Amino acid sequence: HTTEAVKLLEYSLKSTLIGLVQSLFGRCKYRWVDASFPFTYPSFELEIFYNDEWLEVLGCGILMQDVLVKSSVPNKIGWAFGLGLERLAMAMYNIPDIRMFWSTDERFLKQFRVDNIHRKIQFEPYSNYSSRTRDIAFWLPANFVENDFYDFVRDTLPSDTVEDIKLIDNFTKEDRTSHCYRLTYRAWDRHLSVEEANHIHDNLAAEVERIGGVVR
């Protein structure tokens with residue numbers, strides 16, 4: 001693409017997506033973060049300031065010419081974006097746990113059966129079993145991507161135990177960067193014992209070491 005075409009596409013892309021986000025969340029602070037995706041360049045992530053924290057809502061970018069050529073439209077230009085509907089719904093309805101979207105619990109499902117789709121819905125929590133909180137700090141491995149770490153944790157540990165993951169601290173020393181994450185473990189069907197939570201967390205530490213991280 002020419003420089004002029006990229007600038008025009010970037011303007012079209014960003015203005016369209018800002019309009020989408022503001023139609024969902026109203027007028028809010030937002031920021032663009034440079035990103036890297038396999039089929040777009042340049043690429044960006046859009047974050048909004050919502051409930052007193054920055055929330056990533058989507059990734060996007062200008063389609064690479066090679067993608068268009070292989071799609072049999074070599075004379076076209078365009079942009080693409082992707083957003084996690086579950087994450088947006090969690091923010092809009094104050095749903096605390098992404099696992100609820102796969103729940104068959106009527107206490108959850110009945111809250112979203114409405115006659116009018118425009119009716120304002122506010123999720124009403126129901127009782128849960130107690131949680132266990134653990135922190136893990138480690139020197140980052142090469143090519144570490146923070147957003148990928150959240151998926152890594154959920155793919156590595158038992159799917160029904162990880163409720164929340166938050167980055168609570170980071171610093172750089174002598175060209176090495178350390179992150180500290182706080183994990184909340186909670187099971188759907190029982191109270192997690194201290195021993196069980198420790199065992200799950202020890203397994204996470206071992207997996208972090210396996211991919212090149214150094215646990216502190």
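A: Start with a definition: two strands pair if DSSP finds at least two bridges between them. Keep in mind that this is a predicted model.

Q: In what sense do β5 and β7 pair, and over how many bridges?
A: Strands of a sheet pair through backbone hydrogen bonds, and the pairing is either parallel or antiparallel. Here β5 and β7 are antiparallel, and their pairing runs over eight bridges. To check one of them by eye, take Arg134: its bridge partner in β7 is Leu183.

Q: What pairs with β5 in β8?
A: β8, residues 214-215, pairs with β5 over two bridges, again in the antiparallel sense. Trp139 has Val214 as its bridge partner in β8, and Phe138 has Val215.

Q: What is the order of the strands in the open sheet?
A: The sheet has four strands in the order β6-β7-β5-β8, with antiparallel pairing. β6 and β8 are the edge strands, since each pairs on one side only.

Q: Which residues of α5 are buried?
A: The general idea is that an α-helix has 3.6 residues a turn, so residues three or four places apart point the same way. In α5 the buried residues are Phe149, Tyr150, Phe152 and Val153. Viewed down the helix axis they fall within an arc of 160 degrees, so they line one face of α5.

Q: Which elements do the buried residues of α5 pack against?
A: They pack against β5, β6, β7 and α6.

Q: How many residues are in the largest nonpolar core, and which of them touch the most other members?
A: In soluble globular proteins, nonpolar side chains tend to be buried together. The largest core in this model has 17 residues, and those touching the most other members are Phe149, Val153, Ile165, Tyr181, Leu183, Tyr185 and Leu204. At least two core residues come from each of β5 (132-139), α5 (146-156), β6 (162-173), β7 (176-185) and α6 (194-210). α5 gives the largest share, with four residues. Apart from this core lies another, of 15 residues, among them Leu9, Cys28, Leu46 and Leu58.

Q: What does Phe149 touch, leaving out residues up to four places away in sequence?
A: With those set aside, Phe149 touches Phe138, Phe144, Ile165, Tyr181 and Val208.

Q: How many aromatic pairs are found in the whole structure?
A: Two rings count as a pair if their centres lie within 6.5 Å, and planes over 60 degrees apart make the pair edge-to-face. A search of the whole structure gives 16 aromatic pairs. One of them joins Phe138 and Phe144: the centres are 6.0 Å apart with 70 degrees between the planes, so the pair is edge-to-face. Phe138 counts as buried because its relative accessibility is 1%, where the cut-off is under 20%. Ring pairs also link Phe138, Phe144, Phe149, Tyr150, Phe152 and Tyr181 into a cluster.

Q: Where does the charged end of Lys29 sit?
A: It sits over the ring of Phe49, 5.5 Å from the ring centre. A second case is Arg216, which lies over the face of Trp139 at 5.7 Å from the ring centre.

Q: Which residues of α3 are buried?
A: In α3, residues 85-93, the buried ones are Leu88, Ala89, Met90 and Ala91. These pack against α1 (3-25), β2 (40-50), β3 (53-63) and β4 (79-83). The residue that follows α3 is Asn94, and its phi is positive, near 60 degrees.

Q: Is the phi of Asp52 positive or negative?
A: Most residues other than glycine have a negative phi, and most peptide bonds are trans. Asp52 is not a glycine, yet its phi is positive, about 70 degrees. Asp52 is placed in the loop between β2 and β3, and counts as exposed because its relative accessibility is 70%. Asp175 also has a positive phi, near 65 degrees. Asp175 lies in the loop between β6 and β7, and at 80% relative accessibility it counts as exposed.

Q: Which residues does a cis peptide bond join?
A: A cis bond joins Tyr41 and Pro42, with omega about -5 degrees. Pro42 lies in strand β2.

Technical notes. Residues numbered from 1 in each chain as written. Heavy atoms only, no water. Phe/Tyr/Trp six-rings, centres within 6.5 Å; stacked < 30°, edge-to-face > 60°. Buried < 20%, exposed > 50% of the residue type's maximum accessible area, 1.4 Å probe, protein only. Lys NZ or Arg CZ within 6 Å of the ring centre and 35° of its normal. Core = buried A, V, L, I, M, F, W, Y, C linked by side-chain atoms within 4.5 Å. Contact = heavy atoms within 4.5 Å. Arc of directions from axis to C-beta.
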